[in-house]
Amino acid sequence: MSKLHRHVKKTTIAENTATSLWRKFENHVFPKLGHRPIDKILAPETIEALKPLAAKGNLETTGKIIGHLNNVMTHALNTGILQHNPLSGIRSAFSAPKVTNMPTIKPNELGKLMKDISYASIKLVTRCLIEWQLHTMTRPSKSAKAEWSEIDLENKLWVIPAERMKMHCFLKVFIFKLFN
């Protein structure tokens, strides 16, 4: 059943995400539940199977697995394999992960950051990458993989190709502030 759901899900999520999801199932679900037919899987045993993961503090991963288990069960429900989803409320058996906000820089602190970067003991390429990221407001991996062939200096535009974007759609980043 999970293989069928994986096939369906692979058409709606990125390959890396599908692989990661499957790995989570292999590591945390299949060892305890993989031998059971889907219509015999119940909430108590699923909770027991996920308790060791949650006990390690991996609450975010536990929550993701629960969400995907519910997706599998909903798929089985919608295709007539199940009459109800026995796992629909298992999320409440686990603590919610604590949200930790990433540190931020206030706009009035940006000048100090730029000055600190200019005096930092870092490689020139690292300094340029940080400044490029700040100017373009792109993710580190996108910035690090930028190629000169993607940058149109005349039109002050950086076009990130679709194959490097998560949604497989190119992205235009205007870079006019770099070249005033």
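1. Terms first. A residue is buried when its relative accessible area is under 20%, exposed when it is over 50%, and partly exposed in between (1.4 Å probe, protein chains only). Asn70 counts as buried, at 14% relative accessibility. Asn70 lies in helix H5. Leaving aside neighbours within four places in sequence, Asn70 is in contact (heavy atoms within 4.5 Å) with Asn85, Leu87 and Ser88.

2. Ground rules. This is a predicted model, in which local features need pLDDT of at least 70 and side-chain atom pairs count only at pLDDT 80 or more, while totals for chains, interfaces and linings use all residues. Residues are numbered from 1 along each chain as its sequence is written, and side-chain values use heavy atoms, with hydrogens and water left out.

3. Confidence. pLDDT is the predictor's confidence in each residue, from 0 to 100. The protein averages 87. A score of at least 70 is reached by 91% of the residues. Among the elements, helix H1 (residues 2–9) has the lowest mean pLDDT, 55. Helix H4 has the highest, 96. Where pLDDT is low, the predicted coordinates should not be read in detail.

4. Secondary structure. The protein has 8 helices and 3 strands. Both are DSSP runs, numbered from the N terminus: helices are H or I with at least four residues, strands are E with at least two. From the N terminus on, the order is α-α-α-α-α-α-α-α-β-β-β.

5. Overall shape. The radius of gyration is 23 Å, well over the 16 Å that the globule rule gives for 180 residues, so the protein is more spread out than a compact globule. That radius is taken over C-alpha atoms, and the rule is 2.2 Å times the number of residues to the power 0.38. Along its principal axes the C-alpha trace spans about 65 × 30 × 25 Å.

6. Surface and contacts. Buried residues make up 29% of the 180 residues. The protein exposes about 12,800 Å². Carbon and sulfur atoms supply 58% of that area. Accessible areas come from the Shrake-Rupley method with a 1.4 Å probe; for residues, only the protein chains shown count as cover. Of the contacts with a separation of 6 or more, 39% join residues 24 or more positions apart.

7. The largest core. Which residues have the most contacts inside the largest nonpolar core? They are Leu69 and Leu87, in a core of 23 residues. Helix H2 (15–28), H4 and H5 each give two or more residues to this core. H5 gives the most, with 7 residues. A nonpolar core here is a set of buried Ala, Val, Leu, Ile, Met, Phe, Trp, Tyr and Cys residues joined through side-chain atoms within 4.5 Å.

8. Leu69 and the second core. Leu69 touches Phe25, Val29, Thr46, Leu50 and Leu87, not counting residues up to four places away in sequence. A second, separate core has 7 residues, including Trp132, Ile151, Ile160 and Ile175.

9. Salt bridges. How many salt bridges does a search of the whole structure find? The search finds 5. The criterion is a side-chain nitrogen of Lys or Arg within 4 Å of a carboxyl oxygen of Asp or Glu. One of them joins the side chains of Glu45 and Arg36, at 2.3 Å from N to O. Glu45 is partly exposed, with a relative accessible area of 22%. Arg36 is also partly exposed, at 28%.

10. Bridges inside helices. Glu48 pairs with Lys51, the closest N and O atoms being 2.9 Å apart. These two are 3 residues apart in helix H4 (residues 43–55), so about one helical turn separates them. Glu48 is partly exposed at 46%, and Lys51 is partly exposed at 40%. Glu60 forms a salt bridge with Lys64, with the closest N and O atoms 3.7 Å apart. They sit 4 residues apart in helix H5 (residues 59–78), so about one helical turn lies between them. Glu60 is exposed, with a relative accessible area of 52%, whereas Lys64 is partly exposed at 41%.

11. Ser118. This residue is in helix H6 (residues 110–119). Ser118 is partly exposed, with a relative accessible area of 38%. Ser118 and Glu131 are 13 residues apart in sequence. In space they are 9.7 Å apart, C-alpha to C-alpha.
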